[in-house]
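Subject: Structure handover

Hello,

Here is the structure I promised to pass on. Please open it beside this email and follow along.

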Amino acid sequence: MRHRDERGGRFLRLDYSRSQRGGTEIRGAGACDSCGRSCESRLMIRTHILECHLPRSEADALNRESGRVYTDTLVWHYRIYRRTGHWLSQGAAEKLNDSLSPTTLHAHSRDAAQQAFYKACKTAKATRAEGGKYPHKRKFYRTTSWKATGIRLKDGGLLLARARGLEPVAVVLPSDLATMPKTAFVEMRLVYDLIAKRHRWHLVVDDGVETPLRSEGQTLAADLGEIHPAAIANEAGDVVIFTARDLRALNQYRNKRLASLQTRQSRLTKRSRRWKKLQRRKTYLLARNDRQRRDIEHKVTRAITNHAKAEGAKRLVVGDIRDIANGKRLNRNAQQKVSGWSHGRQIAFLVYKLAAEGVALERQSEAYSSKTCPACGHHNKPKGRNYRCARCGFVGHRDAVGAVNQESQAVHGEFGHVQVGSVKYRRAFVRRSSPDTGHVAREVHPTDGSREAVGL
């Protein structure tokens, strides 16, 4: 995950892992494997993305060697399986490939390239029911990784080890990282950006600071949506709806532009010069659109996190919508909107942002939360943006109804205990026409300079 660091202006990628010591990696911002919830504390592991000043030929040679090691592992594994029917273990494959050919990489960098094949096999085995395929393609280039054992700290920079007798690769660190101890640097990766057409360093840093979960505070509930990213309700029934229509506009533009390019491309001979030109346009369009959407999603989730912190929340409960698009057969436009809704990425951003503030994130079923009247419990199918109850006459905002029902379910175990109070709209960020586009809208009240937008 990538976002701009609010302190230093660099891009960071958050891995939100608890520990990577000794080659062991536990994903999920301190999430428990058994319950999926945040544990009592977590370590935040950040990946700092730095510019690479290596000559292009040297950087390419490193990644080409990693690709060769990966490919040799793949080829010999399947070759032995075809000839003998024996499925090589990871350890046996590493010993075999180490004996077959020398390398210019550090021993543990070579191990990382070999282990990548068996990690892909493990993933394929776990996803066979969903159509997962075992790795079979050769890699001419692959990201080169240096584990902590191959990283040395010297004179405010890092020295990345290579094979015995070869000079290490020197990387200059920014001033805020140069003062950190050597044990903070977990891993370094040499990544090639296909869109920017240049290499970058991805430095994984673990500062060792644990953020304990809050033991006191209220529970907030969020109703996630495709039009409004989130409606947040507190225990008093007050709802704040975070708006980001720019995100929906970007999804619509991507779909419209992509359809136009694919139509033009379908009339051309595949792999012709004009076909390749349109293919490059598609790649650029999708990459640029993804960066824009990711930027907005970071700002939205940061605004939600600031709101949870201001409310003194100890946990945020969201609806479990991971399978919302599974098996559904909606009309053409609705299906496209649901399939393009990046709710999974927004939840992932919320997990680590809330974890850094000591707020837990939990999931619960959201069945009938948008259809149930909070006043009388009658089920109604909402039409448009307003909810109207045919039995008691209750009228309220559709997203606010879903949020307070989620809050009631989270706190009391059933609907109807929390009623809709005040409803406010809030922009997650200032629009680009404003001179201060990079700042997240602060959560303050109208009496002291609010930038809340009511009635968007």
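In which loop is Arg271 found? Arg271 is in the loop between H5 and H6. Helices here are DSSP runs of H or I with at least four residues, strands are runs of E with at least two, and both are numbered from the N terminus.

Some ground rules come next. This is a predicted model, where local features need pLDDT of at least 70 and side-chain atom pairs count only at pLDDT 80 or more, while totals for chains, interfaces and linings use all residues. Residues are numbered from 1 along each chain as its sequence is written, and side-chain values use heavy atoms, with hydrogens and water left out.

Arg271 has a positive phi of about 70 degrees, although it is not a glycine. Arg271 is also exposed, with a relative accessible area of 58%. The cut-offs: buried means under 20% relative accessible area, exposed means over 50%, and partly exposed is in between (1.4 Å probe, protein chains only).

Asp155 is not a glycine either, yet has a positive phi of about 55 degrees. Look for Asp155 in the loop between strand S5 (151–154) and strand S6 (157–160). Asp155 is exposed, at 76% relative accessible area.

The cores

A nonpolar core is a set of buried Ala, Val, Leu, Ile, Met, Phe, Trp, Tyr and Cys residues joined through side-chain atoms within 4.5 Å. The largest one has 28 residues. Leu224, Ile232, Ile296, Ile304, Leu316, Leu354 and Leu361 touch the most other members. Elements that each supply at least two residues include strand S10 (218–224), helix H5 (245–266), helix H6 (273–310) and helix H8 (343–356). H6 gives the most, with five residues.

Contact means heavy atoms within 4.5 Å. Leaving aside neighbours within four places in sequence, the contacts of Ile232 include Leu220, Val239, Phe242, Ile304, His307 and Leu316. Another core lies apart from the largest one. That other core has 24 residues, among them Leu50, Cys52, Phe185 and Leu203.

Helix H3

Helix H3 covers residues 107–126, 20 residues in total. From first C-alpha to last, H3 reaches 29 Å, close to the 28 Å expected at 1.5 Å a residue. The expected span is 1.5 Å times one less than the number of residues. The buried residues of H3 include Arg110, Asp111, Phe117, Tyr118 and Cys121. Their cover includes helix H1 (56–84), helix H2 (90–100) and strand S4 (144–147).

The rings

Rings of Phe, Tyr and Trp (its six-membered ring) pair if their centres lie within 6.5 Å; planes under 30 degrees apart count as stacked, over 60 as edge-to-face and the rest as tilted. By this rule there are nine aromatic pairs. Tyr78 and Trp87 have ring centres 6.4 Å apart and planes at 75 degrees, so they are edge-to-face. Tyr78 is buried at 17%, whereas Trp87 is partly exposed at 38%. Phe349 and Tyr352 also have centres 6.4 Å apart and planes at 75 degrees, so this pair is edge-to-face. Both lie in H8, three residues apart, about one turn of the helix. Phe349 and Tyr352 are both buried.

One aromatic cluster is formed by Tyr70, Tyr78, Tyr81, Trp87, Phe117, Tyr118 and Tyr134.

Finally, charges over rings. The rule: NZ of Lys or CZ of Arg is within 6 Å of the ring centre and within 35 degrees of the ring normal. Arg79 lies over the face of Trp76, 4.7 Å from the ring centre. Lys299 lies over the face of Phe429, at 5.4 Å.

Best wishes
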